Amino acid sequence: MKDTFKHKGLRQQLVNVLKNKGITNEAVLKAIGNIPRHLFMDSSFLDHAYQDKAFPIAADQTISQPYTVAFQSELLEVKKGDKVLEIGTGSGYQTAVLCELGAKVFSIERQQELFKKTSKFLPKLGYRAKKLIFGDGYKGLKEEAPFDSIIVTAGAPFVPKPLLSQLKIGGRLVIPVGDDVQIMTLFIRKGQKEFEQEEFGEFRFVPLLEDKN
């Protein structure tokens with residue numbers, strides 16, 4: 001669990017790459033600069049930890065590309081103390097970014113293996129989510145709703161209705177929608193039944209699967 005000067009230097013280079021790609025939110029860039037991403041990865045990929053690429057983790061999932069994490073985090077517009085629901089805990093890297101941004105994070109993971117690993121791992125790094133849940137992300141987390149924002153970190157073939165209904169008025173849902181290639185989509189809840197929708201180009205994610213595994 002070492003975080004060396006070399007790692008810190010590589011992170012700053014990564015932050016510069018993200019700036020060059022158009023990420024402007026200072027809090028998001030700072031979070032990426034603070035989080036030891038190499039610790040979230042398999043030792044065989046350590047050399048790649050600060051490249052702007054996605055890499056495999058357990059259970060056929062991936063740790064998202066830093067640019068994607070930064071892009072989604074920027075779209076969320078997280079304010080300190082916001083209640084954020086994350087669908088797809090995965091490696092916990094995006095969870096850590098949300099914690100760094102001061103969010104109260106509720107995160108759902110459907111892969112038992114990843115859930116167990118990440119639940120133990122995040123607190124060791126000092127990242128404490130309000131709740132990490134083993135469950136079905138399509139259902140959201142009704143008992144904790146409404147949320148200031150919801151982030152989905154897997155490609156959804158459609159937008160799950162429960163997620164829209166669990167947003168606060170003014171709340172933001174960031175979700176990649178589509179089958180093979182996803183369109184990053186932002187929904188802002190304007191009223192009880194009224195949503196504003198905006199699209200932000202193509203991304204590739206592992207699929208968002210229903211039920212638990």
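Two strands pair if DSSP finds at least two bridges between them. By that criterion, strand 3 (83-87) and strand 4 (residues 104-109) run parallel and are joined by five bridges. Helices (H or I, at least four residues) and strands (E, at least two) are DSSP runs, numbered from the N terminus. This is a predicted model, in which local features need pLDDT of at least 70 and side-chain atom pairs count only at pLDDT 80 or more, while totals for chains, interfaces and linings use all residues. Residues are numbered from 1 along each chain as its sequence is written, and side-chain values use heavy atoms, with hydrogens and water left out.

- An open sheet of seven strands has mixed pairing and the order 5-4-3-6-7-8-9.
- Its edge strands, each pairing on one side only, are strand 5 (131-134) and strand 9 (195-203).
- From one strand to the next, the twist averages 15 degrees; angles run from 0 to 180 degrees between N-to-C directions, and axes are lines fitted to C-alpha atoms, for helices over the stretch in contact.
- Ile87 has Ile108 of strand 4 as its bridge partner.
- Five of the six residues of strand 4 are buried, so strand 4 is largely enclosed by the rest of the structure; buried means under 20% relative accessible area, exposed over 50%, and partly exposed in between (1.4 Å probe, protein chains only).
- Four bridges pair strand 6 (residues 147-152) with strand 7 (residues 167-177) in the parallel sense.
- Ile150 has Leu173 of strand 7 as its bridge partner.

**Helices on the strands**

- Helix 3 (residues 66-76) packs on the sheet and touches strand 3, strand 6, strand 7, strand 8 (182-189) and strand 9, where contact means heavy atoms within 4.5 Å.
- The direction of helix 3 makes about 160 degrees with that of strand 7.
- Eleven of the eleven residues of helix 3 are buried, so helix 3 is largely enclosed by the rest of the structure; among them are Tyr67, Gln72 and Glu74.
- Helix 5 (residues 112-124) lies across strand 4 and strand 5, and runs at about 165 degrees to strand 5.

**Helix 2 and helix 4**

- Two packed helices are described by the angle between their axes and the distance between the axes.
- For helix 2 (residues 26-34) and helix 4 (residues 93-100), the angle is about 125 degrees and the axes are 9 Å apart.
- The two helices, helix 2 and helix 4, are therefore oblique to each other; angles under 35 degrees count as roughly parallel, over 145 as roughly antiparallel, 65 to 115 as roughly perpendicular and the rest as oblique.
- Ala31, Ile32 and Asn34 of helix 2 make the contact with Tyr93, Val97 and Glu100 of helix 4.

**Two loop residues**

- Thr89 sits in the loop between strand 3 and helix 4 and counts as buried, at 7% relative accessibility.
- Apart from its neighbours within four places in sequence, Thr89 is in contact with Thr95, Ser107, Ile108, Glu109, Thr118 and Leu132.
- Gln51 sits in the loop between helix 2 and strand 1 (55-56) and is partly exposed, with a relative accessible area of 28%.
- Apart from its neighbours within four places in sequence, Gln51 is in contact with Leu14, Arg37 and Pro66.
- C-alpha to C-alpha, Gln51 and Ala145 are 36 Å apart in space, and they are 94 residues apart in sequence.
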